[in-house]
Amino acid sequence: MTLQSRGRKQQTPSMISRFPDLFKFRGVVSPRNHRFFHHRHPPPTPTPTMSDLRPPEHQVAGHRASASKLGPVVDGSGLFYKPLQAGDRGEHEVAFYEAFSTHPAVPPRIRDTFFPRFHGTRLLPTEARPGEPHPHLVLDDLLAGLEAPSVADIKIGAITWPPSSPEPYVAKCLAKDRGTTSVLLGFRVSGVRVVAPGGAVWSPERPELKALDTAGVRRVLRRYVSSVSGEGVDCALAAAVYGGEGGVLSQLLELKAWFEEQTLFHFYSASILLGYDANAVSSTGVGGGVRVKLVDFAHVAEGDGVIDHNFLGGLCSLIKFISDIVSETPEKPATGP
Ligand SMILES: O=P(O)(O)O[C@@H]1[C@@H](OP(=O)(O)O)[C@H](OP(=O)(O)O)[C@H](O)[C@H](OP(=O)(O)O)[C@H]1OP(=O)(O)O
Ligand SMILES: Nc1ncnc2c1ncn2[C@@H]1O[C@H](COP(=O)(O)OP(=O)(O)O)[C@@H](O)[C@H]1O
């Protein structure tokens, strides 16, 4: 389907060549044409007002909402509202969700387990642009239901730009990929927060994460499953969060099996978002609502019959790091109630 959109930026040839088949939707979801789009996805709840909306407390990476910048917001209803990004990015992410949500070749189990459910777009008021409602993607809040979410955002792929990107953008991304562990490991930790017993939160600043080397990444992945305060590492939760049935490792392996087959999409610059409930997890067993999800699809390209070796390579690398931590950490025998 084609949306007529007036007064919008010209689509770049790169964008069109990126999506010859899968991305049928072409049009900026602007306040002008938003109503049309909106009809295709009936809103799951009444439209929130400014006072209902706040930046997500547990956001660990990406653009953040502030008085001067657009960023994601939540309203406590279990939905996550991500503002459409400038240029063709926002439109592109909507197009991805449209294609992905309805594509018959995407296994429902993969869609439901590893991706946020997409509820269309909505015009919402923002603090950054008063009086100018802005279109937002309406997604499931992937951390809904977790009382004390420990979260990690891991950007997958040694390359984080789609092949058709303009040269200055390639240069910017390449500098970040080389300057972090992306090129070396096939992934980088973009953000992390860990809730310790008692509620203290450990969350390193972005510059610290960007400066991590291989040993640093290993330490952060171990810290993510530690039940301590500050910089300590005991991996007490490794078996419960990373190992076992429904743990991170088994979920990553299921995701990998799909990536070994799927040739529909190439997920440049997407992240794996890990989450568990620090208040519900116990060092002796499963529980804690372990989540493994994919987020950020502003740079997804069409797969064109080729596997996403960039994402798959990074995923295999991450799996190796996590599986090493699981095998180094003996499982604690379950004790009685
Ligand atoms: O805009 P910037 O310079 O803050 O960069 C964003 C990154 O922030 P950083 O500078 O690495 O802390 C940001 O990085 P994080 O997700 O925070 O690690 C994203 O890479 C973002 O890209 P996109 O949302 O995937 O398009 C990046 O946006 P673009 O480089 O794609 O514009
Ligand atoms: N559906 C979601 N539910 C809960 N948190 C999310 C969701 N999507 C993203 N996030 C949070 O927001 C952060 C940034 O999201 P992302 O889509 O990567 O934005 P950006 O495009 O600005 O990088 C993630 O690191 C995560 O903490």
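1. Domains. The chain splits into domain 1 (13–140) and domain 2 (149–328), with bounds that come from an automatic or database domain assignment. Keep in mind that this is a predicted model: local features need pLDDT of at least 70, side-chain atom pairs count only at pLDDT 80 or more, and totals for chains, interfaces and linings use all residues. Residues are numbered from 1 along each chain as its sequence is written, while chains are lettered from A and ligands numbered from 1 in the order in which they are written.

2. Where the domains meet. Here 24 residues of domain 1 are in contact with 26 residues of domain 2; contact means C-beta atoms, placed from the backbone, within 7 Å. On the domain 1 side, helix 1 (13–18), helix 3 (89–102) and helix 4 (108–114) each give two or more residues, and helix 3 has the largest share, with five. Helices (H or I, at least four residues) and strands (E, at least two) are DSSP runs, numbered from the N terminus. That side of domain 1 has 13 nonpolar, seven polar and four charged residues. Ala, Val, Leu, Ile, Met, Phe, Trp, Tyr, Cys and Pro count as nonpolar, Asp, Glu, Lys and Arg as charged, and the others, Gly among them, as polar.

3. Strand 1 pairs with strand 2 (residues 79–83) over two bridges; pairing takes at least two bridges found by DSSP. V74 sits opposite F80 in strand 2.

4. Strand 5 (residues 149–156) and strand 9 (residues 271–277) are joined by seven bridges, and A152 faces L274 in strand 9.

5. Ligand 1. Its surroundings include K155, K172, K176, R206 and D296, where near means a C-beta atom, placed from the backbone, within 6 Å. The shell divides into two nonpolar, three polar and five charged residues.

6. Ligand 2. Of the 23 residues around ligand 2, G62, H63, L142, D153 and D296 come nearest. Strand 2, strand 4 (134–140), strand 5 and strand 9 each give two or more residues to this shell. By class, the ligand 2 shell has 13 nonpolar, five polar and five charged residues.

Key:
Two residues are in contact if their C-beta atoms, placed from the backbone, lie within 7 Å.
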